[in-house]
Amino acid sequence: MKQWTRRNWLKLLGLGSVAAVVEKTSAMGPGVVASASPDQLLFSQPGPEKTVTCIVIGAGARGNIYASYAEKTKGEMKIVGVAEPIELRRTRFSQRYNIDAEKQFNTWEDVFKIPKFADAVLICTPDHLHYSPAMEALKMGYDLLLEKPIAQSWRECEEILEQSRKNNRIVAVCHVLRYTPYFRKMKSVVESGQLGKVISIQHMEPIEHIHMSHSYVRGIWRKKEETNPIILAKSCHDMDILRWITDRRCREMVSFGSLDWFTPKNAPAGSTMRCTDGCAVESTCPYSALKIYYRERTWLYHFNLPPDVEQGEAILRQLKEGNYGRCVYHCDNNVPDHQVCSMTFEDNITATFNMEAHTSYSRRRTRIMGSEGDLVGDESQMTITRFSDMKPEVWKTADHAAIDSGHGGGDYGLVRDFLRAVASQDSTLLSSTLELSMESHLMAFKAEDSRLQGRIVNVNIEAAHD
Ligand SMILES: NC(=O)c1ccc[n+]([C@@H]2O[C@H](COP(=O)([O-])OP(=O)(O)OC[C@H]3O[C@@H](n4cnc5c(N)ncnc54)[C@H](O)[C@@H]3O)[C@@H](O)[C@H]2O)c1
């Protein structure tokens, strides 16, 4: 069986020597970098050695995205079971994937009451329901695709790791950015050495103000106690990217941040508890739920909209009764809307990270400063400039990838690698293994400690494992 190591991957992507790739000038114009498309290659390389059977636990937004890979490809993935308490979602999902009646469950516990009937379990439940199903699944010998965050505490992450080792199971954590053509390209540029030694990184996650209001003010991740600190819930991806790109361990962390804006003290005069209550500023408020959900019909993926009723009526009912109709200044949210981190990594690398709610745009911004050149990127393109010739080279995501899944192609990239790893029982095919993902989770846990305690904290993965 062929062992698909990272080196094989880079070779396959034509990135064994990235400097050589960058030097090619394409028909896209001078200075525009030509290279093989990682996403095209993703689908042109051999698929898993056999059809991998999967059970989806939590048929919400993420569960549906990952499962849809089965429709996208032929014979790579078969969905054979589902656990989902919301009947509408469970029925819709079961019909879509033709799941036997006795393999449709109301809750995750029921999946593990019968003998193992699939290769893998996809855990796509809310944050507080990752640990228990993960432990049960591993005990029963299932491989796991585990949504981030791995668990809500470091102790629980450790227990999942111990259990996976004990049962010798594969666990892929859904750090989807590692599987995007854009971040793979960034990683390969750094690895090629064309920037010289990495000296420092500046990284930012602009959440975008409406996204912030939907997820972290009105929505599922608004309360730390019910989910996680936002630096873990939203930004474990960013900690993970910093750890991955530097290929060094984080050593120290200091973090500041607070919930500053989305609080009652900032509620405009005339605002009401709900946007549907006759709010005086509804027509001009950027966060108007009537505007976002009803008039523009956006961000509806957490609404349960039955197909057989008039959609507008159903949306209005939810705005009048549910969390998404609440005024953003009168919610019970408590997670910060801005948080900054400064950190040191091995080899004296320094990095800063900003998590920002108040932006008109999304897509992560990254600047990598190396001894021989720098890289500036915003997910849609990156510019690489070597100090020796000062000729900027531009790599555009759109030119290099036929992206047809969320997170810049990373969602399907992750599923693909996971299926291949399960089919050949080879975890080296995965980028986001449990062990590596835990390192970046530790950074996020420590950032929250630092924010709350107002001090610099050590991030010592070796000691954390003791
Ligand atoms: N990797 C990423 O980039 C990414 C992006 C968004 C969300 N997430 C994570 O994915 C997870 C799911 O998020 P989502 O947006 O899909 O949420 P969601 O609410 O749309 O889906 C979660 C589903 O789990 C179901 N569920 C609740 N209790 C259950 C139980 N006892 N048994 C079985 N199912 C149960 C819910 O009814 C819901 O349908 C969260 O942990 C979230 O943090 C990851």
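1. Helices (H or I, at least four residues) and strands (E, at least two) are DSSP runs here, numbered from the N terminus. The model is predicted, so to speak of local features pLDDT of at least 70 is needed, side-chain atom pairs count only at pLDDT 80 or more, and totals for chains, interfaces and linings use all residues. Residues are numbered from 1 along each chain as its sequence is written, and side-chain values use heavy atoms, with hydrogens and water left out.

2. Backbone geometry. Most residues other than glycine have a negative phi, and most peptide bonds are trans. The peptide bond from K148 to P149 is cis, with omega near -10°. P149 sits in the loop between strand 5 (143-146) and helix 9 (154-166).

3. Positive phi. E379, not a glycine, has a positive phi of about 75°; its place is the loop between strand 12 (373-377) and strand 13 (381-386). M390 is likewise not a glycine and has a positive phi of about 55°. The loop that holds M390 runs between strand 13 and strand 14 (393-396). On accessibility, buried means under 20% relative accessible area, exposed over 50%, and partly exposed in between, with a 1.4 Å probe and protein chains only. E379 is buried at 18%, whereas M390 is exposed at 54%.

4. The sheet. Two strands pair if DSSP finds at least two bridges between them. An open sheet is formed by 9 strands in the order 14-13-12-11-7-10-9-8-15, with mixed pairing. Strand 14 and strand 15 (457-458) are at the edges; each has a single partner strand, so one side of each has no neighbour in the sheet. Strand 13 and strand 14 run antiparallel and are joined by 4 bridges. Q381 has K396 of strand 14 as its bridge partner.

5. Helices on the sheet. Contact means heavy atoms within 4.5 Å. Axes are lines fitted to C-alpha atoms, for helices over the stretch in contact, and angles run from 0 to 180 degrees between N-to-C directions. Helix 13 (residues 236-246) packs on the sheet and touches strand 7 (198-206), strand 8 (250-258), strand 9 (338-345), strand 10 (350-356) and strand 11 (365-370). The direction of helix 13 makes about 160° with that of strand 7. Helix 18 (residues 434-453) also packs on the sheet, touching strand 8, strand 9 and strand 15, and its direction makes about 50° with that of strand 8.

6. Cysteines. With a disulfide taken as a pair of cysteine sulfur atoms within 2.5 Å, a search of the whole structure finds 0 disulfides. For C124, the nearest cysteine sulfur is that of C174, 6.4 Å away; C124 is buried, at 10% relative accessibility. For C236, the nearest is that of C157, 10.0 Å away. C236 is buried too, with a relative accessible area of 0%.

7. S432. Which loop holds S432? S432 is in the loop between helix 17 (410-423) and helix 18, and at 0% relative accessibility S432 is buried. A polar contact is a pair of N or O atoms within 3.5 Å; within protein, one must be able to donate a hydrogen and the other to accept it, and residues adjacent in sequence count only if both atoms are side-chain atoms. The side chains of S432 and Y179 are joined by a polar contact of 2.8 Å. A polar atom of the S432 side chain also lies 2.6 Å from the backbone oxygen of V173. Leaving aside neighbours within four places in sequence, the residues in contact with S432 include V171, A172, H175, R178, L414 and S437.
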